[in-house]
Amino acid sequence: MRRRVTPVRAGAAAAALVLGGAGLLLGAAAGTAQAAEVSFATHCVPPAGVADPVDGTTKVEITAPATAKVGDTVDITWKFVQAASKNPDIIDLPANSVQPSGTLKAAGAQSADIALQGPRENPAIPKGGDMVLSDMTGTLKLTSPGEVTLTPDGYKVNAFGTDTVCTPSATVPKAATIEVTGSGSSGSPTPTGTGSASPSASVSPSDSPSQSASPSPSVSSSDGTGSGQTDFTGKEVQVPYACKTPIGDKNATSPVQINAKKNGGSFDLTVQFNGSVMDSPADIPADSVKPSMEVVLGGADKGTVHVEGPTNSAPIKSGDPIEIPDLTGTYKPGASGTSTLSPGVLTVNALGTTTTCTPTKSEVSLTLDTSEQASGASGGSSTSGGSAGGSSGGGLAETGDSSNGAVKALGLVAGTAILLGGAVFTFMPRKRTR
């Protein structure tokens with residue numbers, strides 16, 4: 001059984017009872033919708049390099065049934081009366097380009113994190129303007145009789161494939177209470193409702209991007225003869241990059257993980273970017289985007305290992321997600337002992353341009369016990385077939401006639417934030433030639 005309720009707006013003809021410090025309780029009959037407004041101090045973190053963190057006040061109205069029964073699935077609405085941060089003075093946000101998601105904490109008779117999400121619906125928001133966010137909705141299945149309280153938690157704001165993450169910086173007052181009647185097991189947790197994952201994960205304007213626990217780096221027990229462990233899972237490390245783009249220098253931080261599988265005396269490497277994906281700012285043809293990396297060896301071994309991913313096999317339409325594929329290559333050890341592998345220089349070739357990102361801090365993702373192989377990597381490099389992907393140096397390349405609107409190497413959209421597997425590259429606007 002689902003109860004769908006619609007928030008009653010302030011100023012409606014229905015009688016309203018003002019509750020001091022708790023907001024508005026609309027509708028007097030038992031079981032009707034209650035809409036309560038609360039305010040809480042909030043710390044918001046924009047994507048790296050976009051703007052400084054912001055401390056502000058979030059005001060929200062939470063709507064939920066006043067009463068329900070065990071077994072009911074109730075609908076809950078989170079309405080933004082005021083977001084904690086404004087649109088930075090960088091780019092105008094077009095209509096229907098911003099999407100909020102967040103979490104409500106259920107406590108009392110049952111505990112749960114209720115995931116909520118709103119549609120990507122908003123008016124055009126100018127630089128420096130107030131953020132206008134859509135209502136978020138979610139559901140909660142009631143499992144235990146008693147009083148269930150609802151309290152707002154963190155939320156994130158997604159725009160151009162990047163997130164601003166906002167988290168409460170002080171105690172948040174409860175926003176609504178549901179009196180649950182009927183029988184049921186007390187205190188059983190409920191799954192989160194419909195919506196996106198809790199924003200306490202990543203993000204980018206607050207993007208204190210979500211960070212999941214990472215496995216510890218694996219150390220091989222192999223003696224190099226093929227016995228012992230064969231699969232090795234690396235630790236996810238946050239890699240700060242200094243990026244040279246065709247239109248300027250940018251800084252970015254990306255979560256990277258290096259895994260290995262023993263193959264004879266060598267190791268097949270897989271480098272994963274465990275961050276979010278981006279929405280493409282423009283139509284991108286097939287075979288136009290190709291990433292590669294030089295994995296840095298340390299410890300007993302020295303040199304680098306080239307890994308690369310395939311180009312995009314299909315065209316990517318504007319607004320569709322861009323995902324960075326796994327980068328793969330073969331590591332042939334050049335020394336015996338304990339060798340380390342760390343993310344190195346990342347290169348992204350797209351539409352005839354090259355972006356090169358160099359780590360400003362090195363951190364080991366994987367440690368292996370290695371046995372020296374003929375023509376191994378020590379002191380040099382170990383490559384896996386193929387070139388880095390048709391890169392070309394120089395300035396921002398244009399594809400096609402400059403007067404007919406052909407794609408200008410990701411410079412089409414002013415201020416577009418491009419997220420490639422978690423590394424955020426912000427391309428600032430430039431004037432289009434006529």
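Predicted model: local features only at pLDDT ≥ 70, side-chain atom pairs only at ≥ 80, totals over all residues.
The secondary structure of the protein consists of 29 strands and zero helices. Of the 434 residues in the protein, 47% are buried. The accessible surface amounts to about 18,500 Å², and carbon and sulfur atoms account for 52% of this area. When contacts between residues at least 6 apart in sequence are considered, 71% of them join residues at least 24 apart.

Two disulfides were found in a search of the whole structure. In general terms, a disulfide is a covalent bond between the sulfur atoms of two cysteines. One of the two links C44 to C166, with an S to S distance of 2.1 Å. C44 belongs to strand β4 (residues 33-45) and C166 to strand β12 (residues 162-168), so this pair ties together parts of the protein that are 122 residues apart in sequence. The link of C44 and C166 is right-handed, with 115 degrees about the S-S bond. C44 is buried, its relative accessible area being 1%, and C166 is likewise buried, with a relative accessible area of 1%.

A disulfide also joins C243 to C357, with an S to S distance of 2.1 Å. Because C243 lies in strand β15 (residues 237-245) and C357 in strand β25 (residues 353-359), the pair connects parts that are 114 residues apart in sequence. The torsion about the S-S bond of C243 and C357 is about 110 degrees, and the disulfide is therefore right-handed. C243 counts as buried at 2% relative accessibility, as does C357 at 0%. With the bonded cysteines numbered in sequence order, the pairing is 1-2, 3-4.

The count of salt bridges comes to seven. Among them is the pair formed by the side chains of K86 and D130, with an N to O distance of 2.2 Å. This pair links distant parts of the chain, 44 residues apart: K86 is in the loop between β7 (73-82) and β8 (98-108), whereas D130 is in the loop between β9 (112-117) and β10 (136-141).

A salt bridge is also formed by the side chains of K261 and D231, at 3.3 Å from N to O. K261 is located in strand β16 (residues 248-263) and D231 in strand β14 (residues 231-232), so the pair ties together parts that are 30 residues apart in sequence. K261 is partly exposed, with a relative accessible area of 42%, and D231 counts as partly exposed at 42% relative accessibility. The side chains of D113 and K105 meet in a further salt bridge, with an N to O distance of 2.8 Å. D113 is partly exposed, at a relative accessible area of 32%, and K105 is partly exposed at 35%.

Strand β16 also contains K262. K262 counts as buried, with 12% relative accessibility. A polar atom of the K262 side chain lies 3.0 Å from the backbone oxygen of G264.

P291 is placed in strand β19 (residues 289-299) and is buried, with a relative accessible area of 3%. Leaving aside residues up to four places away in sequence, P291 touches E308, G309, P310, I324, P325, L327, T347 and V348. The C-alpha atoms of P291 and L346 are separated by 7.3 Å, although these residues are 55 residues apart along the chain.

How values were computed:
Residues numbered from 1 in each chain as written. Heavy atoms only, no water. Salt bridge = Lys/Arg side-chain N within 4 Å of Asp/Glu carboxyl O. Helix = DSSP H or I, 4+ residues; strand = E, 2+ residues; numbered from the N terminus. Buried < 20%, exposed > 50% of the residue type's maximum accessible area, 1.4 Å probe, protein only. Contact = heavy atoms within 4.5 Å. Areas by Shrake-Rupley, 256 points an atom, 1.4 Å probe, with all protein chains shown as cover. Polar contact = N/O pair within 3.5 Å; in protein donor to acceptor, adjacent residues only side chain to side chain. Disulfide = S-S within 2.5 Å.
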